[in-house]
Protein chains: 4
Amino acid sequence: MNNNNLNHEISEELHEECGVFGIYDLDGNDTTSSIYYGLFALQHRGQESCGIAVSDTEGPKRKVLSHKDMGLVNEVFTPEILEKLSGDIGIGHVRYSTAGSSTRENAQPLVLNYVKGTLGIAHNGNLINALELREELEYTGAIFQTTIDSEVIAYHIARERLNCGSVEQAVARAMDKIKGAYSLIVMSPRKLIAARDPLGFKPLVLGKRENAYVFASETCALDAVGAEFIRDVLPGEIVTVTRDGVFSDTSRCNQNEARCIFEYIYFARPDSSFDGVSVYGSRIMAGRILAKLHPVEADLVVGVPDSGNAAALGYSMESGIPYGNAFVKNNYVGRTFIKPKQSQRETSVKIKLNVLKDIVKDKRIIMIDDSIVRGTTSARIVGMLKAAGAKEVHVRISSPAFKHPCYFGTDIPSGDQLIANGHTVEEINNMLGSDSLGYLDIESLPNLIGEGMKFCDACFSGNYPMEPPTQDIRGEQG
Amino acid sequence: MNNNNLNHEISEELHEECGVFGIYDLDGNDTTSSIYYGLFALQHRGQESCGIAVSDTEGPKRKVLSHKDMGLVNEVFTPEILEKLSGDIGIGHVRYSTAGSSTRENAQPLVLNYVKGTLGIAHNGNLINALELREELEYTGAIFQTTIDSEVIAYHIARERLNCGSVEQAVARAMDKIKGAYSLIVMSPRKLIAARDPLGFKPLVLGKRENAYVFASETCALDAVGAEFIRDVLPGEIVTVTRDGVFSDTSRCNQNEARCIFEYIYFARPDSSFDGVSVYGSRIMAGRILAKLHPVEADLVVGVPDSGNAAALGYSMESGIPYGNAFVKNNYVGRTFIKPKQSQRETSVKIKLNVLKDIVKDKRIIMIDDSIVRGTTSARIVGMLKAAGAKEVHVRISSPAFKHPCYFGTDIPSGDQLIANGHTVEEINNMLGSDSLGYLDIESLPNLIGEGMKFCDACFSGNYPMEPPTQDIRGEQG
Amino acid sequence: MNNNNLNHEISEELHEECGVFGIYDLDGNDTTSSIYYGLFALQHRGQESCGIAVSDTEGPKRKVLSHKDMGLVNEVFTPEILEKLSGDIGIGHVRYSTAGSSTRENAQPLVLNYVKGTLGIAHNGNLINALELREELEYTGAIFQTTIDSEVIAYHIARERLNCGSVEQAVARAMDKIKGAYSLIVMSPRKLIAARDPLGFKPLVLGKRENAYVFASETCALDAVGAEFIRDVLPGEIVTVTRDGVFSDTSRCNQNEARCIFEYIYFARPDSSFDGVSVYGSRIMAGRILAKLHPVEADLVVGVPDSGNAAALGYSMESGIPYGNAFVKNNYVGRTFIKPKQSQRETSVKIKLNVLKDIVKDKRIIMIDDSIVRGTTSARIVGMLKAAGAKEVHVRISSPAFKHPCYFGTDIPSGDQLIANGHTVEEINNMLGSDSLGYLDIESLPNLIGEGMKFCDACFSGNYPMEPPTQDIRGEQG
Amino acid sequence: MNNNNLNHEISEELHEECGVFGIYDLDGNDTTSSIYYGLFALQHRGQESCGIAVSDTEGPKRKVLSHKDMGLVNEVFTPEILEKLSGDIGIGHVRYSTAGSSTRENAQPLVLNYVKGTLGIAHNGNLINALELREELEYTGAIFQTTIDSEVIAYHIARERLNCGSVEQAVARAMDKIKGAYSLIVMSPRKLIAARDPLGFKPLVLGKRENAYVFASETCALDAVGAEFIRDVLPGEIVTVTRDGVFSDTSRCNQNEARCIFEYIYFARPDSSFDGVSVYGSRIMAGRILAKLHPVEADLVVGVPDSGNAAALGYSMESGIPYGNAFVKNNYVGRTFIKPKQSQRETSVKIKLNVLKDIVKDKRIIMIDDSIVRGTTSARIVGMLKAAGAKEVHVRISSPAFKHPCYFGTDIPSGDQLIANGHTVEEINNMLGSDSLGYLDIESLPNLIGEGMKFCDACFSGNYPMEPPTQDIRGEQG
């Protein structure tokens, strides 16, 4: 599993931005608890704030019940709060946010009243023209109470709704204005609508459980609520669930897809599948490719938990070198963990991750990790292995080197903070203190997810699927 | 003092809706702590939620720091939170709200970004055309994230700002659209603006402390921050404080004022003065008038704490009958007090209010209270006095009988819940179990605040100073 | 009412140490909620921690349910917690403690298992031989987990119980060892026992409600739970309530009583009576005596709220000078109030206490307070009156001057911090900035409570009713 | 890693009872933060309450600072609290407790004053003669304020201290009285003392970091604070650390050791080693032995996370069948997780543990778990694998079948709740729905930890190393 709050630290803070969940349960049972369990399954996509909004399709048109706050799902929701949130339709959201905008106001779902009643919006992604749209809206008298892109989307839906016959049409027209990455779940008084940007950056799946339809960022959330996977929402598609059934508008679908490859490499839970590809399978494949690209004689292949484990297993399969566990991770290290003082910093990584000394002693180790950001944590882990007696440590990274910022929903630091900028692989190897270092190459990426599927690898290649903004507008994505 | 959280219970829940505070401290010291202490002094005007928003006039145009939550000032603000809120300009708000809308989203100040930067709004009062305006706005694509009138006002200011040269002009134009009661403090990136509706329902005062200007609902908040009272904001006036000084726009002032008389009788703190009248003085006067209107032979005049005490003293002065304390109030009974079960209900009032038995025993008591709403609490207090041995209990009320709902910011129950509707004074006297009962008469009200000052007594007389709405729109006032 | 958390500040921190409550409800209804309401009524006697312990006389012998924590009754007890505490017998405690020992471990009631089952102890007072007894016990192998005297008492009861036939006998024998001030409520598996030290320093009363017997520090707690006052527990008496009735052991009663006179002057709630004397009445009397001792020409008599009000009324009655309210107190200033910075200190008192300027302006004021400790707060209040326009301020104190520490349960600062030590009345008058100053004299004290009743006035006179300890052992009283 | 809060649920609630930590840092730096990080590393040994007590060997003899509460280390300690706990000597404790006694009073360390100053005690284990000793003590006048065995130990140390020259001697004499399992860390004003019962049930290790000596339940806690492992405290040994060095008393050591074998199989963290045996190594070995004992043709060996993983790897090594991950565990499911309603129970396990469908589909799976308690969770996991398409599921358990209760510190349910009582392996296999089932056999246990080391396997064999109590005294262990 992509293990999250901890691994973020260890991986030097690469963050998914959000996870979304929606359900329309015609029987009206367990709506809220399903969202609660669904958000649990999506918690790895955002740990700073979360929220649930529910409504009753038979109830008064403007009555939405919601609760959101800073904190983990675990911390924000109590039995008392869940009990108050009843309805047959609802959406949920987990959010990570960069420091500056980590405020309660920005927690989602966004709930609002507009000309046609209420709207609840849960959004994963990042618009690249949000600033322009915001300004345009302001020049027509709009006021903004948050700094999230989702409010821009909400305005467009609300305004378009004045001129068209249904919410889903308003969503469609809004999609013609907003640009960037978005997987969106919208709740109107009588409908649950899911939409995915035409490039399909972020995943979005549809499932079913008895009389309920479920949307979620990943299939692991379907599993958590006992729903069966039906299909992916297509890039560009709008799926509308009403009491009368499920309707699809695919008029915005085209073949210019740009799925985020890093979802497979790092973000998503390994037990999720989307767009026809198993996350776990793609990681195994990354390990296999690495073994071919960067073979080395060694005694043991180990993964940096949790996201390096699958690739390590793949490397082991391909190379025939035994797979082993070399690390024990402390899962109790959570959000409120008090960091060691500078003087104790050396032991800092050890508290989160300890080495099985007996296993690595006198061994030549191949250590698989999913990525290197700044390099400091990787260096510490290599150091721990050596201190535990490893004779050699060969680092293999199951993704190409990060060199470019992401404008579509991933919090990658600006270019000058990335160790791969301005350093050769040899130099990085020296900085890590490892005996050799090998990255996956960009050319191999298609093999991770199967030939023919189009994806975005801009963070590695710099080839952005749409013109990136000239200003760095990142930091307020939903 | 109008003692608040408790007395509300005892008085059967008559509530002031809000208190506002604003400061522009050119030296930038103590801005936030001044708001904090100012809100403490205004806490009696709203105990359900509170908030502070500050900004730095020299800082970036869109940077407002704010914190608001459900709870008392005491509970919402910690030293850590106050420390984070720094600036030279700021506003604060305390709020009471009726059950349905008692949510965190509705807490104030409202903070928003719009075409010209940021806007912070703190609002006391209640619009009578809010629903119409909301609908109008929605038909132009507006979205609403709260249910408070203040958001309607915010929209109007934001939209007018597109067409005029300054925020204060936009406030002025917004005032031409909104109808009802409002005392408003608006914070823009460089200005602090106070405005009061032309009828002047709710009080609003201006004070000064060294290089700081202060606005507040009542003068007691000026005292709390060491500011000197300068003058009232006039009904209809807009006062703008900038780095260059204080500017006034009185073009909307006229003589059709309708100050809320009940502010003097009950809501305001006795140590406050506004519109030239001391609250305490007006209560003493109410007692004196009562003594003339409804004299009775008795041994002791006592007030129901805390708001009945001043009128009791006035009654004693006028009648020559000795004043005494008959009650001890438990000030520890707060918001989280767990109410007795039905079986223990008899002792319920006693926990909050106990009788000094030695004082009332064998005495003929004149008991002064400020109002009777449903009558149940008054009946219990009369019962307690009798149980403690009072020979006679003569109830005198320092206001006329409530007969009509208020649409301008006071939470008076609907007419059929008011004991004075459908019952004669004689009948009410029987229901209370008292030996006689006398209300202040409507004709005497001018004497409370001085001849010549115009006021609103619609809750007593039904003479509304502006056409009341046909729907009951109450419950979401700011 | 002796209004507490605030007044403590204003009075420069004179503290009662504890309040106790106990109930044996043969019907077993409402035991816990009665303790809860009883503690509310006693909250003025201790605001730092509180606790409740209950047990079922029909239940297993060692099963006591309890909850205690730092904080007000309001803060420590939630409906969920109260619900878990069920039984037919129970005790409660509120505690104030000096800084050093303000820990959760020291919260009461103390609950323990010993040879005969369980024991719950709630204790108000202060032993003078606690240190000696502690050492003696330690030399026989005792361990202490708290620093409160109550644990010493518990040990003595437990040990004596080995050699005698009943808990009440063990309490009696323990009383022969412990010296000092104690009002004690002990709960054994089948009995509720109340005991008062032979000098009767601290009050303790017995009440009855249907099938329940109630003990409390003050009668106001009986009122709060709907119980009728039966009688005081006598100094030296042990009262035992069992299923079979109420039993009294008066063999330790004698005539050497030493009731704490300061309970009447300041600590107790004005609606309480004990040892035959009404607290409110004694304060009225103190005011009357003051008027005779220190007459002065003036326009208005005012009390410093809340404890100065009754004496002010007494002064007014005796002198014929009108009584008035000059102050408004802010009851929202609680434990978590954030104190102003040094630079704002001037306005500090104003936040808690504001002056009614219209009332005092151009008047000659007689200001009545209950005591002066360090003098700084009194000086500020005098200053506020003068700043509000008072022509003269004559301070009258309804107690003699504090000159000596108390070893029996009152937290009076050490002698050198008391303004009355080393300063003449004239000097103090100058320091306060008042126009004249008058204390009650020691000779008049008997008149407050009636001739013939013996009392302790050691804090004024230095005449200790028992030899004070040579070490200052204060600070850990129960 | 033995992954803890979650796995307990999954494993149907087998609980370690406690973890202990102690440090004497002659330089006095980082004492408290070291305990904090040490407790983090030991959190898997107890998640219900935790505490830290520190003292300054140079400070006053009775001054111990401590904090303890219900909750995880993460929840109980804030930076503010840690800052207040300063000293050069200190102990810490994490505790699990069965429902009945899960109260704050029972949290450890126990801190007490006694004849020679202060004593802090942290205790892991369970006495079998605690009830007798308690009664004996009570008959000499002892009072008990908790229900933990540790208080009995404290009393014995305190009493013995009266008759002997040092604390360590008193500990020694107490050890002659108490019977059962205990790993003990005692802090006196000037000494840190560790003691282990003569049978050595529970682990206890000694480490060193610069000028600091560290004791801990497991070596993983030494790693977490940067200390080097020196040696195990021997069964029966008392190790005393003073400013003058480290002293050992081995006079109670003998060869009748009875180390808890289940520490290796389940409780301890895999990166810990004690008594010369690596936990991870012993689990690998268990897997290897299982492969020999219960071979089966299959496609994949998987472990139930986290404690089944190592044995699965061992099984894979021995059998040559590939190792794989089949499960993803949700590490966000913590103490406050709201459990699904009965109607949703089916999905309950899925929220915590999800299957990688692609991996198990159409495969013959060998599923390794560490134990079966009631069998319901195992059955659900088997069901999940089958539902995901596994052709066969062969369950292998890396321990023998549980048949007997443990009286020495492990919370194993009473015999009739254990599925292995009254059911044959074949029957259990049917109940699980698996295709075959194989346990480790008792005869193989010596191979896990090396020949010659004596251990306790009473929970499997019923051969208790000391006479078990006739009453079931479990539930209040420290």
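Two strands are said to pair if DSSP finds at least two bridges between them, and helices (H or I, at least four residues) and strands (E, at least two) are themselves DSSP runs, numbered from the N terminus. With those terms in hand, let me start with strand 2 of chain A, which pairs in the antiparallel sense with strand 3 (residues 64–70) of chain A over 7 bridges.

Before I go further, a word on what we are looking at. This is a predicted model, in which local features need pLDDT of at least 70 and side-chain atom pairs count only at pLDDT 80 or more, while totals for chains, interfaces and linings use all residues. Residues are numbered from 1 along each chain as its sequence is written, and chains are lettered from A and ligands numbered from 1 in the order in which they are written.

Back to strand 2 of chain A, which also pairs with strand 4 (residues 89–95) of chain A, again in the antiparallel sense and over 7 bridges. Is strand 2 of chain A buried or exposed? I call a residue buried if 20 or more other C-beta atoms lie within 10 Å of its own, exposed if 12 or fewer, and partly exposed in between, with the C-beta atoms placed from the backbone. By that rule 7 of the 7 residues of strand 2 (residues 49–55) are buried, so the strand is largely enclosed by the rest of the structure. S49(A), G51(A), A53(A) and S55(A) point one way, C50(A), I52(A) and V54(A) point the other way, and all of them are buried.

Now to the domains, whose bounds come from an automatic or database domain assignment. Chain A is divided into domain 1 (4–266) and domain 2 (277–452), and the centres of the two, taken over C-alpha atoms, are separated by 33 Å. Counting two residues as in contact if their C-beta atoms, placed from the backbone, lie within 7 Å, 28 residues of domain 1 of chain A are in contact with 29 residues of domain 2 of chain A. On the domain 1 side, the elements that give two or more residues are helix 1 (4–10), strand 6 (117–127), strand 7 (180–187) and helix 9 (261–267) of chain A.

What about contacts between chains? Chain A and chain D each bring 53 residues to their contact, and the largest share of the chain A side, 5 residues, comes from helix 2 (residues 31–42) of chain A. By class that side has 27 nonpolar, 17 polar and 9 charged residues, where Ala, Val, Leu, Ile, Met, Phe, Trp, Tyr, Cys and Pro count as nonpolar, Asp, Glu, Lys and Arg as charged, and the others, Gly among them, as polar. Between chain C and chain D, 15 residues are in contact with 15, and helix 6 of chain C gives the most to the chain C side, with 4 residues. No contact joins chain A and chain C, whose closest C-alpha atoms lie 12 Å apart, and none joins chain B and chain D, where the closest C-alpha atoms also lie 12 Å apart.

I will finish with some local backbone features. A cis peptide bond joins Q108(A) and P109(A), with omega about 0°, and P109(A) lies in the loop between strand 4 and strand 5 (110–114) of chain A. Another cis peptide bond joins P305(A) and D306(A), with omega about -10°, and D306(A) is found in the loop between strand 17 (300–303) and helix 11 (309–319) of chain A. Lastly, phi of E210(B) is near 45°, a positive value in a residue other than glycine, and E210(B) is exposed, with 11 other C-beta atoms within 10 Å.
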